[in-house]
Amino acid sequence: MKQVGVRQAHGSHNSRGGCYHSGCGHPSEHPGKGFDHRIQQSHPLSTWSQDLNRSHVAIKGVRDVELKPEAGWGPAWKGTHISGSVQWPVVWYANFNVLPSLVRPDEAEAMKRILEQVPDDFDEDRDGVDKMITYEFIIMSAGAVKATDPHREDLRKRLWVITQPIIAERIAPFVHMRYPKAGAVCHAMIRRYLDRERRTHNTHWDIPSFVSVVVSLDAAGREFSGGFFVTTGTGL
């Protein structure tokens with residue numbers, strides 16, 4: 001079974017890109033129909049998508065999308081889907097997708113409030129990519145030993161209560177619509193990026209995952225500068 005990995009990142013001036021982006025304002029709620037998160041022409045990502053078409057990066061489309069829970073019940077999510085591709089050396093393309101506000105601000109804040117109370121519960125082992133300290137917390141995993149230690153089980157459950165509906169009602173429906181061969185979510189984790197800790201993460205392949213999803217828990221332009229980025233494999 002091909003699996004899906006979910007990463008969530010938080011920390012002041014977080015430079016990791018993600019699906020949650022500020023600037024959309026409060027979503028409009030339609031009773032019985034869910035929330036409407038579609039972005040307007042004035043949204044920074046709208047301008048970004050219009051200006052991005054260059055020789056190495058191409059925007060394929062900007063369209064409205066509605067995601068319904070696979071379980072058949074629960075609120076629908078309506079938003080904007082930006083799709084594009086990056087040209088790598090020789091003849092090869094890597095596709096990417098951006099969904100602004102896939103995670104609501106109240107959900108992101110709820111997770112951060114929990115995490116701010118337990119700064120010492122983040123793992124401080126060495127990262128396999130750059131050998132720096134990870135500052136990560138694994139919420140669930142199909143194989144990571146760190147996801148089963150008893151003394152953090154209560155914390156995992158508190159975060160899973162918030163994370164599970166996001167995966168089941170929004171992330172999984174989109175991934176399975178876009179990538180029909182994708183299987184179940186195999187790994188969900190949170191990374192912390194703070195001053196005097198980790199501030200960067202080298203580019204790398206998420207080899208074990210068929211699809212990787214990255215969510216920023218901080219609001220771009222208000223809590224950090226920077227945002228979503230892609231690389232061409234040539235240093236650009």
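The chain has three helices and nine strands, where helices (H or I, at least four residues) and strands (E, at least two) are DSSP runs numbered from the N terminus. This is a predicted model, in which local features need pLDDT of at least 70 and side-chain atom pairs count only at pLDDT 80 or more, while totals for chains, interfaces and linings use all residues. Residues are numbered from 1 along each chain as its sequence is written, and side-chain values use heavy atoms, with hydrogens and water left out.

Colleague: In what pattern do the helices and strands follow one another along the sequence?

Modeller: The chain comprises three helices and nine strands. Read along the sequence, their pattern is β-β-β-α-β-β-β-α-β-α-β-β.

Colleague: What percentage of the residues in the chain is buried?

Modeller: A residue is called buried under 20% relative accessible area, exposed over 50%, and partly exposed in between (1.4 Å probe, protein chains only). The chain has 236 residues, and the buried share of them is 45%.

Colleague: Of the contacts in the chain with a separation of 6 or more, what share comes from residues 24 or more positions apart?

Modeller: Contact here means heavy atoms within 4.5 Å. Among contacts with a separation of 6 or more, the share from residues 24 or more positions apart is 69%.

Colleague: Which residue in β8 stands opposite E136?

Modeller: Two strands pair if DSSP finds at least two bridges between them. Strands β7 and β8 run antiparallel and are joined by five bridges. Nine of the 11 residues of β8 are buried, so this strand is largely enclosed by the rest of the structure. Opposite E136 stands R191.

Colleague: How many residues apart in sequence are the parts tied together by R152 and D123?

Modeller: A salt bridge is a side-chain nitrogen of Lys or Arg within 4 Å of a carboxyl oxygen of Asp or Glu, and the structure holds 19 of them. One joins the side chains of R152 and D123 (3.0 Å, N to O). R152 lies in the loop between β7 and α3 and D123 in the loop between α2 and β7, so the parts they tie together are separated in sequence by 29 residues.

Colleague: What is the relative accessible area of K146?

Modeller: The side chains of K146 and E136 meet in a salt bridge (2.6 Å, N to O). E136 counts as buried at 7% relative accessibility. K146 is partly exposed, and its relative accessible area is 22%.

Colleague: Where does K131, with its positive phi, lie?

Modeller: Phi of K131 is near 65°, a positive value in a residue other than glycine. K131 is exposed, with a relative accessible area of 57%. Its place is in the loop between α2 (105-116) and β7 (136-141).

Colleague: What is the relative accessibility of R196?

Modeller: R196 is not a glycine, yet its phi is positive, at about 70°. The residue is placed in the loop between β8 (182-192) and β9 (211-216). R196 counts as exposed, and its relative accessibility is 86%.
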